[in-house]
Amino acid sequence: MLINYFKTAGRNILKSKGYSALNILGLATGMAITLLIGLWVYYEYSYDRFLPDYQLIYRVRSNYNMDGNIDTEGSTPTKLADLLRAQFPDIEYVSETDWFGNHGLKVADKKLYNSGGQVQADFLKLFQFGLLRGNAATVLNDPYSIVLTESTAKALFGNEDPINKTVRFDNKNDLVVTGVLKDLPANSSFRFHFLVPFSYYELTTPWVKRMRTLPFGSGNAFQQFVKLKPGASYAQVASRIKNIEKGENDLNAKNTELILQPIKDWNLYTDYKNGKEAGGFVDYVRMFGIIGLLVLAIACINFVNLTTARSEKRAREVGIRKVLGSERSSLIVQFLVESFMMVFFAFLLSIVFVQLTLPAFNTLTGESISLPFLNGFFWLLMAGCVCVTAIAAGSRPAFYLSSFKPVTVLKGTLHIGKVATFPRKVLVILQFSCSIALIISTIIVYQQIQYSRNRPTGYNLNRLMMTGMSEDLIHNYTALKNELLEKGIATTVTMASVPATDIYLHDDIDNWPGKKTGERMSLGVVWVNKDYFKTLGMKLEKGTDFDAVSDKATVILNEAAVKRLNLKEPLNQTFKYDTTRRIIGVVKDALMQSPFSPADPTMFLYDYDPSPESVVMYRLSPRITTQDAIAKLGPIFNKYNPSYPFNYQFEDASYAEKFNFEILVGKLAGTFAGLAIFISCLGLFGLAAYMAEQRNKEIGIRKVLGASVSQIWLLLTGDFIVLVLISCAIASPIALYFLQHWLQNYNYRIIIGPWVFIAAAIVAVVITVVTISFQAIKAAIANPVKTLRTE
């Protein structure tokens, strides 16, 4: 019997090839989108879960109470690692880390300039990434050791065994290779090419030594990771770590509360409010998950509408089957089998679609997602999804068609009235409401991105280049600067602790005017050299530049810092940082971090000891092309920095990268909106074709009575246009509600105007008219003589 069901279903699918193709194509597109989004959602949730015992690994974060406002940061107080080891027996491993900048690696004539980390000895016991060579318990014990990733080791040593060989590090010291790590998976929150012991960092970096002299609660520059012992209570450790010993005389530290963030949340929960996780990237993952289900629902609605719309074609078949003894239950099974076959064919086609689009999708998202063909659970899950989709899409047609009475059908008195067409119209409205909401979302996301892009940045990034520092560049900086200026390649050159578009360090100040007892204040810290503000195009609002004073114990604040400190007359006021600092100037705010938020309160300090984490910045002369400048810069940098490959970055490109996530959201929303509209239009096209076919006789009579082509066109398209306009009215307030909530994430945001909804409505109506017009005009220009004679 079951075989007969499949045979009959196959014949019916082949009998209506056009409608079957529309149904399968619509379902396949919807299933492909849902599968693609599902793979992406799973991938994002899988971050860092490949690590053994990931449930026991946490990052320590700091909640800073700034006069009632709680700010959560990833950097933690100095000396925290030692306290955690001493006071928390439930913690198995602790590792203090730092991930600033790139470093130079050299072996013979092979030179690399890659990112890496400075980590304490327990790091590879805490994070078991997988050592190919070496022992995790000892590879980081010697300060002058280094652990390389597999690809880095191959780039430096080829196929030779790198163990116990030396790597020239920052052209300063020779480090011995003690271990080789597997390359990190793409779904790891860490990105590094090598690891060096934190003890090496302490021995060779002056500012790190200085941090070790500060009291607990000050000098928040490093990141701490902990792993609990099996069976340890997270709740107990988390409650105790809040009140870790801070020192009776350190009022700033008393306003600091430490919290633990599980490793499984690092990728997803990036936003904090009042010291607690408040979403972040996870909001977008959930949003696109919902979009995927909505697109699948739109595809299922197409199936339901097209199947029930052709009910009259199947009515006589149902009547005859019932007369010959078929039970309603057997008819329901027959129609569900047809639905299952259609969904199965659509699923196979969707797999093809996903496999073809995955490379482009990975390029767009920057991920490495693939179909898990060898994963049995994946196919079991897909089988369940096919069955659920088949039942969801086929239930209404099955129960509706099987309900026809044979007497009514065979007499030819069956009429599909408003009661039957009303659910179809509701489903069309639901379809287009979802699609129009996506169109509105795409427009708003694009507007927000453009609005932030056009926001004044406070500096001039045009033709401003940056190169990472090294020991050679530090020693040869003056000669390098002079040659760049003398040869007319650059107009200004400077050196700083950070690039123009970032701030690496936030640190406490003390004894500022008006400080309240126990009040804590943290500012961004940027160490600069001569011509810094001139090179970046930042403008002094008050006071003088560092060049005009001989006193090195001075500081320049930006406007945001003056506002945070509540200084009405900031010039010549003092506060304590590393020493007592006198304010000599106020510079206009510049967007050195997020372009969507207010400028970060920042202090600029002069006369510092540069390190390899520092950068040299230079503005290209307008009299030289960018291509020629790069060609000339290479030999100059190679002369003064022979141990490193010439590396550079345009600061405007670095600033543009800050919009990557919002651009990704906009592109994904736009793509899915377009595909949702496409699926909806497939359904409209099929419904329009069916309506034209059903009303052939009516159209013929109207033409004989003098109706024009435009009148016939309006007759067939009017109902659909009304449904789309109703969809606009439903989608607009819903989209407005959610988009206003989304915009609250940005301090600098647009105001949603009415034209967005009008534009979305116009787009939807135009798409609808174009989709339906082919069938409407085809029916309107048909010869009425042939139509009426056929009838």
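The model is predicted: local features need pLDDT of at least 70, side-chain atom pairs count only at pLDDT 80 or more, and totals for chains, interfaces and linings use all residues. Numbering starts from 1 along each chain as its sequence is written, and side-chain values use heavy atoms, with hydrogens and water left out.

Start with helix α3, residues 80-87. Helices here are DSSP runs of H or I with at least four residues, and strands are runs of E with at least two, numbered from the N terminus. In α3, Leu 80, Ala 81, Leu 83 and Leu 84 are buried, meaning under 20% relative accessible area with a 1.4 Å probe, protein chains only; exposed is over 50%, and partly exposed lies in between. The buried residues of α3 fall within an arc of 165° seen down the axis, so they line one face of the helix. That arc is taken from the directions from the helix axis to the C-beta atoms.

Next, the second largest pocket. Its lining counts 27 residues, and Leu 35, Gly 38, Phe 378, Leu 381 and Met 382 lie nearest its centre. Helices α2, α10, α12 and α13 each supply at least two lining residues. The most come from α13, with nine.

Finally, Ser 594. It sits in the loop between β23 (580-587) and β24 (602-606). Ser 594 is partly exposed, at 30% relative accessible area. A polar atom of its side chain lies 3.1 Å from the backbone nitrogen of Phe 596. Tyr 746 is 152 residues from Ser 594 in sequence, yet 9.8 Å away in space, C-alpha to C-alpha.

Technical notes:
Polar contact = N/O pair within 3.5 Å; in protein donor to acceptor, adjacent residues only side chain to side chain. 1 Å grid on protein atoms, 1.4 Å probe; cavity = no way out; pocket = protein on both sides within 12 Å on 5 of 7 lines; lining within 4 Å.
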